[in-house]
Amino acid sequence: MDVVRTCIRKMSAYIPGDAADDPKVVKLNQNESRFPPSPRAIRAIEAAASGLALYPESTSRALREAAAKVYSVPASRIMAGNGSDDILRILFQCCCDPGDRAMAFYPSYSYYATLADMYDVDYRLGDFAGDSAIPDTVQFDAATLVVLPHPNAPTGAVFPERDVRRLLETAPGLVVVDEAYADFSGQTVLPLLDEYENLVVVRTFSKSYGLAGLRVGLGFAREELLAEMEKVRDFYNLDRLAQAGAVAPLADNVWVRRRPGGVVAGRGAALPPLRELGLTVYPSGANFILVRFRDEAEAKRIFESLRSRGVLVRYFTGRGLADCIRVSIGTETDMVVFQNEFEALLE
Ligand code: PMP
């Protein structure tokens, strides 16, 4: 086993939430969409299947061109990834030498720590000011990368643009704004790409587009950086089905406009009854909410009891999170089942 790099042997593997294909399970644990994707995506995937004998177009050109129109960013400043995790991995691989620093604010998306371990990067977690504000002064410790999910995961917090700008102006290296959940907050820093050369924005089709199973993400950055990232990108990172299935909904204007509506309404409706039960529920701009209980034992009991009743939510063991559960916002029916089971368990 000494052929394996020391940093890999020392690291723990990332643990995703439980997968479950059973349609009877109310699956609110991985922030996927419980609403169906655009029917055009399904038709496009079926049509693309006839071409599977041939390799896909290596740079996902049609997808980048369709994304350019929707996001008003030139296709030359967009990279397609096999999920946004792929873009994040490419960034770490491309920008961090062993021993370099990367930073985020705690709590954050835990895959960043896994990536740091993979590339032997010294990953530092700063504290938010109060519950979830970006502090006025940040101890960057010469970090090559600063990673910021926006809205934050797993809290759902949304940050004022001036705070993101301050980060961009004071960070010594790149600031990666991970906008996996941005469609549910309506806030994006994509227009800042022209202003800040150190800004990278990451997007995904796994949440608002309802295509988590297709594995498609996008990275937006200045062309010089993308040219370097190209060197480490797996040149067939998106298969034909993924490219076709992601292009189609970008062109489906009606569906795209309606897309985050169900989640935003469900999120608004989910908060008051939980707060009436005396629980802390953090304000969220994402497709999930973080609920805090009186203690760890209660959070764990509720998580496990919900699971035994066919409702999956996410439980974390990290610092300051072990008394919380994270609940993805599902359809109206999902949320009724969740609320009923939940209230029965609390009584
Ligand atoms: N960023 C954040 C903040 C996430 O929560 C997730 C989903 N786990 C991702 C990125 C990865 O999404 P994708 O499915 O596009 O790899």
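A backbone N or O atom of D85 lies 3.1 Å from an oxygen atom of the ligand, a polar contact in the sense of a pair of N or O atoms within 3.5 Å. This is a predicted model, in which local features need pLDDT of at least 70, side-chain atom pairs count only at pLDDT 80 or more, and totals for chains, interfaces and linings use all residues. Residues are numbered from 1 along each chain as its sequence is written, and side-chain values use heavy atoms, with hydrogens and water left out.

| Residue | Atom of the residue | Distance to a ligand oxygen atom |
|---|---|---|
| D85 | backbone N or O | 3.1 Å |
| S84 | polar backbone atom | 2.7 Å |
| S206 | polar side-chain atom | 2.6 Å |

The protein covers 91% of the 410 Å² of accessible area that the ligand has on its own (Shrake-Rupley method, 1.4 Å probe). Residues around the ligand, with a heavy atom within 4 Å of it, include Y109, D178, K207 and R215.

Where does the ligand sit? The space it takes is the largest pocket, meaning that more than half of its atoms lie within 2 Å of the grid points. A pocket is an open set of points on a 1 Å grid over the protein atoms alone, where a 1.4 Å probe fits, with protein on both sides within 12 Å along at least five of seven lines; lining residues have an atom within 4 Å of a point. The largest pocket has a volume of about 1300 Å³, the space filled by probe spheres set on the points. Its lining counts 48 residues, with Y14, I15, P16, S110 and R314 nearest the centre.

Definitions and conventions
Polar contact = N/O pair within 3.5 Å; in protein donor to acceptor, adjacent residues only side chain to side chain.
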